[in-house]
Amino acid sequence: MKKTLTYGQVGGSLHAFIGDVHRTGIAYDGRAFLAAGCFSRDEEKNRECAEFYGLSPDRVYGDYRAMAEAEGKREDGIDFVVVTTPNNAHYEISRAFLENGIHVMCEKPLCFTVEEAEDLARIAREKGLLFGVNYSYSGNVMVKEARELVKSGAIGEVVNVNAEYLQEYLVDDIGATNSALLKLSSWRKDPEIAGASNCVGDIGSHIEHTVAYITGLGLKRVAALTDTFGQPLDLNANILVEFENGAHGVYSCSQVCVGHMNGLTVRIFGTEGAIEWVQENPNILYYTPKGEPTRIYNRGMGYILPGAAKFSRLPSGHPEGLFTAFANIYKAWITAVLKTANGEELTEEDRDFPTVEDGVRGVKFIHACVESGKIDAKWVEV
Ligand SMILES: NC(=O)c1ccc[n+]([C@@H]2O[C@H](COP(=O)([O-])OP(=O)(O)OC[C@H]3O[C@@H](n4cnc5c(N)ncnc54)[C@H](O)[C@@H]3O)[C@@H](O)[C@H]2O)c1
């Protein structure tokens, strides 16, 4: 019986943003250990990261294909790979590891085209491999609490959704330069590396997944007004959405909203109540039963529903955040990989991580918004 796992990582050198958040999240529970990597195409950055983590030199690879093949053949090869490169490499890298029999956790957006996304889902299915897509906000305890509340019927039937993800970090691109702005990697603005969209792909995709995770509702169609401000890709999008139950909603995502750092806010309105979750204050969930004052739920308290409470790591009042959200995605993922390795059946609970099907839906959402944006916000099926 396996009790621990090893994993490898592609992308995510010490100079990168999200790679380290994955390593930290995985390390929380001490059940999976970094054993191999191709952290950068730059030899020096790759070596530097491998040395920092004390990897054996024979498991540091200059190329992800060589890594997938070698690790797939080794008796002690990695159990799963974490793909944290920019978007353009997700498809080829994920496919290479699947083809070598290795489970994959890939960053979002899953890949460039719907065909590629469906191809990855098909290969994973045919090979019996697990495939996660890191929509990290669904790892937050209070997002899980929101989902539990919706499932319990606390807000009745969903009738309206109002959600936004507002950032300001690209406002320089439409105005005067402000050196105080903290910049993410500029590849996000390059269609060759980011894909069909910048803003909708990078952050609108998180709205789509977080709402779907909480409500369990898929989208039927979208009508999107997108703004490029003369750039190759969108920096701003206002999107009308229609859910499969007929309800409507508004998603607003932007990288040019002065005063907003990482403002993901999700409001779900039902026939019997409403909930609101704000990413920058993630330990709180607002719940308003119809006709009653708004209740402020705190993570870590005894009234949090069991399906969410089991992911809480600190006593109430001690803030948890991005790292623990990643740790919670990996809590479910590592259990699923361990059980699969040990030939055990997975329960629905074990599958509480975003999957390749979520990734496929996300790519469809991005393309529907881009297409709608080109035809003056006419409705496009997702
Ligand atoms: N889930 C989230 O909350 C979240 C947050 C940020 C970024 N992301 C996603 O994570 C991915 C990476 O984003 P980032 O901000 O960390 O980018 P980044 O530019 O900071 O880092 C990318 C890393 O990948 C490496 N790399 C690029 N191509 C490679 C290749 N072929 N082989 C090996 N290494 C390679 C680069 O050297 C760098 O270390 C993107 O897909 C992005 O959308 C997700």
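Which side chain has an N or O atom 3.0 Å from an oxygen atom of the ligand? That side chain belongs to Ser13. The model is predicted, so local features are taken only where pLDDT is at least 70 and side-chain atom pairs only at pLDDT 80 or more, while totals for chains, interfaces and linings use all residues. Residues are numbered from 1 along each chain as its sequence is written, and side-chain values use heavy atoms, with hydrogens and water left out.

His90 has a side-chain N or O atom 3.1 Å from an oxygen atom of the ligand. Arg41 places a polar side-chain atom 3.5 Å from a ligand nitrogen atom. On its own the ligand has 860 Å² of accessible area, and the protein covers 90% of that; such areas come from the Shrake-Rupley method with a 1.4 Å probe, and for residues only the protein chains shown count as cover.

The shell around the ligand holds 26 residues, of which Ile18, Asn87, Lys108, Ser185 and Arg188 come nearest. A residue is near a molecule if one of its heavy atoms lies within 4 Å of it. By class the shell has nine nonpolar, twelve polar and five charged residues. Here Ala, Val, Leu, Ile, Met, Phe, Trp, Tyr, Cys and Pro count as nonpolar, Asp, Glu, Lys and Arg as charged, and the others, Gly among them, as polar. Domain 1 (5–133) and domain 2 (140–314 + 362–381) each supply at least three residues to this shell; the bounds come from an automatic or database domain assignment.

Lys108, one of the nearest residues, is joined to Pro109 by a cis peptide bond with omega of about -15°. Pro109 sits in the loop between strand 4 (103–106) and helix 5 (114–127). Helices (H or I, at least four residues) and strands (E, at least two) are DSSP runs, numbered from the N terminus.

Two other loops contain backbone angles to check. In the loop between strand 7 (219–227) and strand 8 (236–243) lies Phe229, a residue other than glycine whose phi is positive, near 50°. Phe229 counts as partly exposed because its relative accessibility is 40%; buried means under 20%, exposed over 50%, and partly exposed in between (1.4 Å probe, protein chains only). Ala377 is not a glycine either, and its phi is about 65°. Ala377 belongs to the loop between helix 11 (356–374) and strand 14 (380–381) and, at 22% relative accessibility, is partly exposed.

Arg299 occupies the loop between strand 13 (295–298) and helix 9 (306–309). With a relative accessible area of 3%, Arg299 is buried. Its side chain makes a polar contact of 2.7 Å with the side chain of Ser312. A polar contact is a pair of N or O atoms within 3.5 Å; within protein, one must be able to donate a hydrogen and the other to accept it, and residues adjacent in sequence count only if both atoms are side-chain atoms. A polar atom of the Arg299 side chain also lies 2.8 Å from the backbone oxygen of Leu314.

Helix 10 (residues 322–341) has 20 residues and should span 28 Å at 1.5 Å a residue, which agrees with the 28 Å between its end C-alpha atoms. The expected span is 1.5 Å times one less than the number of residues. Since 14 of its 20 residues are buried, helix 10 is largely enclosed by the rest of the structure. Just after helix 10, Gly343 takes a positive phi of about 70°.
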